[in-house]
Amino acid sequence: MMIPSTKPVNPSAIADQAAAYFSQGYSCSQSVLLAFAPLVGLDPQTALLIASPFGGGIAQTGNNCGAVSGALMVLGLCKGQTNPQDKETKAAMYALARKLMNQFEQEHQEITCRGLLGFRLDVPEEAQCAREAGLFKTRCPLFVRTSARLAADILNQ
């Protein structure tokens, strides 16, 4: 599954689509992967199922941002390795993944959900504080947009 190089992905449009999915209630990881699903020939239902445990920093543990996880899934679908002997593709995929993660961290000074939001989502009281502060509506859409845009930028290179 490769995005054809003759058909570049519009980073702004894909970021808008991912943000629109997030505003509908999909998790950050689901929103990013779902935005790319038609481009990579992935059934939307399958995309939603694959990405479903990655929201909130992977199962609301506050680890790596779910939007970044969704973007990494996109890179894997488009540039990943399927042959265990293909070390070159594996190394190239890891380099692209690190590039996306580094660029995200440069823009937001952090890559973990806990660090980005300032709350531990695996602690119910802290998750409630994050909700009351409106962080899922004010901060997370930005992270979804950034992740989708960075993935598109990398795929267009």
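Ser147 is buried in this predicted model, and its relative accessible area is 0%. You will find Ser147 in helix H9. From there, the side chain of Ser147 reaches the backbone nitrogen of Val68 at 3.4 Å. The points below start with the surroundings of this serine and then move on to a pocket, a glutamine, a leucine and an aromatic pair.

**Around Ser147 and Ala67**

- Not counting residues up to four places away in sequence, Ser147 touches Val32, Ala67, Val68, Ala71, Leu100 and Phe104.
- Ala67 has a relative accessibility of 0%, and because buried means under 20% relative accessible area, Ala67 counts as buried.
- Ala67 has its own list of contacts, again leaving aside neighbours within four places in sequence: Cys28, Ser29, Val32, Phe143, Val144 and Ser147.
- If you look for Val32, you will meet it among the contacts of Ser147 and also among those of Ala67.
- Ala67 and Phe22 are 45 residues apart along the chain, and their C-alpha atoms are separated by 10.0 Å.

**The largest pocket**

- General idea first: rolling a probe the size of a water molecule over the atoms shows where empty space is left.
- The largest pocket here has a volume of about 240 Å³.
- Helix H4 (66–79), helix H6 (113–117) and helix H9 (140–156) are the elements that give two or more residues to the lining of this pocket.
- The lining is made up of 21 residues, and those nearest the centre of the pocket are Phe22, Cys28, Gly55, Gly56 and Phe136.
- Sorted by class, the lining holds 14 nonpolar residues, seven polar ones and no charged ones.

- Gln30 sits in helix H2, which covers residues 28–40.
- With a relative accessible area of 14%, Gln30 is buried.
- A polar atom of the Gln30 side chain lies 3.0 Å from the backbone nitrogen of Ser27.
- Setting aside residues up to four places away in sequence, Gln30 touches Leu48, Ala51 and Ser52.

**Leu48 in helix H3**

- Leu48 belongs to helix H3, residues 44–51.
- Leu48 is buried too, at a relative accessible area of 15%.
- Beyond its neighbours within four places in sequence, Leu48 is in contact with Tyr26, Gln30 and Leu34.

**Aromatic pairs**

- The structure holds two aromatic pairs.
- Tyr21 and Tyr26 form an aromatic pair with 6.0 Å from centre to centre and 80 degrees between the planes.
- That pair is edge-to-face, because planes over 60 degrees apart count as edge-to-face.
- Tyr21 is buried, with a relative accessible area of 18%.
- Tyr26, at 28% relative accessibility, counts as partly exposed.
- Tyr26 also links back to the previous topic, as one of the contacts of Leu48.

Methods. Residues numbered from 1 in each chain as written. Predicted model: local features only at pLDDT ≥ 70, side-chain atom pairs only at ≥ 80, totals over all residues. Heavy atoms only, no water. Helix = DSSP H or I, 4+ residues; strand = E, 2+ residues; numbered from the N terminus. Buried < 20%, exposed > 50% of the residue type's maximum accessible area, 1.4 Å probe, protein only. Polar contact = N/O pair within 3.5 Å; in protein donor to acceptor, adjacent residues only side chain to side chain. Contact = heavy atoms within 4.5 Å. Phe/Tyr/Trp six-rings, centres within 6.5 Å; stacked < 30°, edge-to-face > 60°. 1 Å grid on protein atoms, 1.4 Å probe; cavity = no way out; pocket = protein on both sides within 12 Å on 5 of 7 lines; lining within 4 Å. Points joined across faces, edges and corners; volume = space filled by probe spheres on them. Nonpolar A, V, L, I, M, F, W, Y, C, P; charged D, E, K, R; others polar.
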